[in-house]
Amino acid sequence: MVTTDSIRRSSARIAQMPSFALSVLWFLIHLLISIFFIVLGIADAVENYLISSGFLKRYDAINVGKLRYLAIVVDSEDAMQINKALKLLQWLTDIGVKHVCLYDSEGVLKKSKEIILERLSCAKLYEEGDEKSVLDSKTMIIEFTSQSDGKEALVRAANLLLKRLRSLGENQEEKIFTEAQMTEALKAVGSGGPEPDLLLVYGPARCHLGFPAWRLRYTEIVHMGPLDSMKYGSLLKSIYNFTLVRQNYGK
Amino acid sequence: MLPLRSSVSLEKKLLSFSRNSCPSTITQSLLFPSHGRLVQLKTAVSATGVAHREDDKGVNTGTASTWDLSEPEPLPPGLLRELMPRHVAVVMDGNARWARRRGLPASSGHEAGVQSLRELIELCVKWGIRVLTVFAFSSENWFRPKGEVDFLMGLFERVMESELQNIHRQGVQISTIGDSSKLPKSLQKLLSRAEQYTKDNSQLHMIVAISYSGRSDITQACKRIARKVKDGVICLEDIDEKLIEGELETSFSDFPSPDLLIRTSGELRLSNFLLWQLAYTELFFAQTLWPDFRKTEFVEALHSFQQRQRRYGSRNS
């Protein structure tokens, strides 16, 4: 004889079945996607190995000359690992990159520039006009920048233009406050480096952390992940991909 | 390397999710797709493990020309309201390429792009995003073929005329930034009328950057400061970052600096857009061309943004 209780229990069991089915489905999909992540991670690692060891021939003949100026943004906490920064710069030297701008917002790398230049045998400090100089195969020019070269530098440049305006007299704002004059004023206050072609961001956040905004109009920006997990293969791939890019500059 | 690109097809979507999400986020997105084929959702577990109830009533994400003015839409599974960006900026790139791939003229691509913008505005209103800045036309775009430029100016006028009432009904306030003196007089008048007409709206502040240049924005801000110094309103010694920020074209906004920038079409650069304002903005570069950028892709960008906020906290912009 079927009792009310047994009917209620059966109903409850039947009602639970869709939730159970959903949970199983959730688990299965979660498992599949986790496997996918693992496979992707392995594929990444394999690709990095193949690139680093030279098995992928297309990365052998990178047209590094197209990369006139490379910028590296490092999270200031990561920047404390000077050895990592040195390793990265050594890789760039091996690849043949000639001009590098190193940035971290707190200026950790700037404070360590003597150590970095000393430890890299063929590096010299950037001076204005260096971007046009012809360098031998081993030398790399390094510019060290921080927050003071970003918005703070624009403030100093604005102040400089204001002083020039005062000396010229009234109603000369249109002549003084132009983009060309601002660029000159930034050079005059010591923050007039060239616009990077490529900017690599090493850090957890996918933003450029205050890199000098005036210089970022057409810069390609690539997020590389934390400095801790930097890989030679990824670096080479980013530079290779940059050499394939064709820009219209809005036209 | 964690590339910033993502794509539309499922295979490429999983690839991009692997860059930007975790298994939990993907699982719930697949089980409870944002296109909403499920009529009722019992429970959704967010990536943080917080359980909450939602009703997903199957949202129409088609390309209808009418605006969907239905009730406020709950957020898709996995998105947390408290982590939504307040200000989203978008570089709407890829219209011409989209048209070329289909053997159509560039004008068709631009027209198709209007649909994407319409949908994005609706979603921003429904999901409580406060400011949306769209890069409609840069100062460099004036160098494009005259025919294309004239078409674009005409398109802006047509769209503004036809959509103004709908935009106003949604509570969207329109503002424009950029050098409007170069625009056709009729468009200047129309934009001015639209700004006046919608000035009291508060659901969403849409800033249209037209004939805009980030460098010019900074230069003009400094020029305005110079005039204030000349007029004795401020002293030379008072010039600092805040003062310049206060004179930028976006300074009228409640949230002048974007939390999230989305650029479509796979290009990885800012193209002279909001240079000062983007210092600490999360950058999301999508492989999708702008006419194909719809709700799914927007949700993906928001997931990616929120994931980073959960892991690393928000940054001061």
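## A first look at a predicted two-chain model

Helix α6 (residues 185-197) of chain B lies across β5 and β6 of chain B and runs at about 140° to β5(B).

Which order do the strands take? They form an open sheet of 6 strands, β5-β6-β4-β3-β7-β8 (chain B), with parallel pairing. At the edges sit β5 (172-177) and β8 of chain B, each pairing on one side only. On average, neighbouring strands here are turned by 20° against each other, direction ignored.

Now for the inner pairings. The table lists three of them, each with a bridge partner pair picked from it.

| Parallel pair | Bridges | A bridge partner pair |
|---|---|---|
| β3(B) and β7(B) | 4 bridges | B:Val90 and B:Ile262 |
| β3(B) and β4(B) | 5 bridges | B:Val91 and B:Phe135 |
| β4(B) and β6(B) | 7 bridges | B:Phe137 and B:Ile210 |

Strand β4 (residues 131-138) of chain B turns up in two of those rows, and β4(B) is mostly covered, with 7 of its 8 residues buried. B:Phe135 and B:Phe137 both come up in β4(B) pairings: B:Phe135 is the bridge partner of B:Val91, while B:Phe137 has its partner, B:Ile210, in β6(B). In a regular strand the side chains alternate between the two faces of the sheet.

Where does B:Ser211 lie? B:Ser211 belongs to strand β6 (residues 204-212) of chain B. It has a positive phi of about 60° although it is not a glycine. That stands out because most residues other than glycine have a negative phi. Is B:Ser211 buried or exposed? With a relative accessibility of 4%, B:Ser211 counts as buried, because the cut-off for that is under 20%.

B:Leu274 also has a positive phi, near 45°, and is not a glycine either. You'll find B:Leu274 in the loop between β7 (260-263) and β8 (282-285) of chain B. Its relative accessibility is 0%, so B:Leu274 counts as buried too.

Chain B has an average pLDDT of 81, and 74% of the residues score at least 70. As for the model as a whole, it scores ipTM 0.82 and pTM 0.81.

**Over to chain A**

Chain A has an open sheet of 6 strands as well, in the order β3-β4-β2-β1-β5-β6, again with parallel pairing. Its edge strands are β3 (123-125) and β6 (220-225) of chain A, and each pairs on one side only. Neighbouring strands are turned by 25° against each other on average, direction ignored. Inside the sheet, strand β2 (residues 99-103) and strand β4 (residues 140-145) of chain A run parallel and are joined by 5 bridges. A:Cys101 has A:Glu143, in β4(A), as its bridge partner.

Helices pack here too. Helix α3 (residues 82-95) of chain A touches β1 (70-74), β2, β4 and β5 (198-202) of chain A, and its direction makes about 145° with that of β4(A). Helix α9 (residues 232-244) of chain A lies across β5 and β6 of chain A, at about 155° to β5(A).

Which residues touch the most other members of the largest nonpolar core? In this core of 100 residues, they are A:Ile72 and A:Leu92. Beyond four places in sequence, A:Leu92 is in contact with residues including A:Leu70, A:Ile72, A:Met140, A:Leu235 and A:Ile239. A second, separate core has 46 residues, among them B:Met92, B:Leu204, B:Ile262 and B:Trp290.

One last stop is residues 20-43 of chain A, which an unreviewed UniProt entry lists as "transmembrane region". In the model, residues 20-43 of chain A are 100% helix and 0% strand, and the end C-alpha atoms lie 34 Å apart.

Methods:
Residues numbered from 1 in each chain as written. Chains lettered and ligands numbered in written order. Predicted model: local features only at pLDDT ≥ 70, side-chain atom pairs only at ≥ 80, totals over all residues. Heavy atoms only, no water. Helix = DSSP H or I, 4+ residues; strand = E, 2+ residues; numbered from the N terminus. Buried < 20%, exposed > 50% of the residue type's maximum accessible area, 1.4 Å probe, protein only. Pairing = 2+ DSSP bridges. Axes fitted to C-alpha atoms, helices over the stretch in contact; angles between N-to-C directions. Contact = heavy atoms within 4.5 Å. UniProt positions renumbered as here; feature names shortened; annotations may be inferred. Core = buried A, V, L, I, M, F, W, Y, C linked by side-chain atoms within 4.5 Å. pLDDT = per-residue confidence, 0-100.
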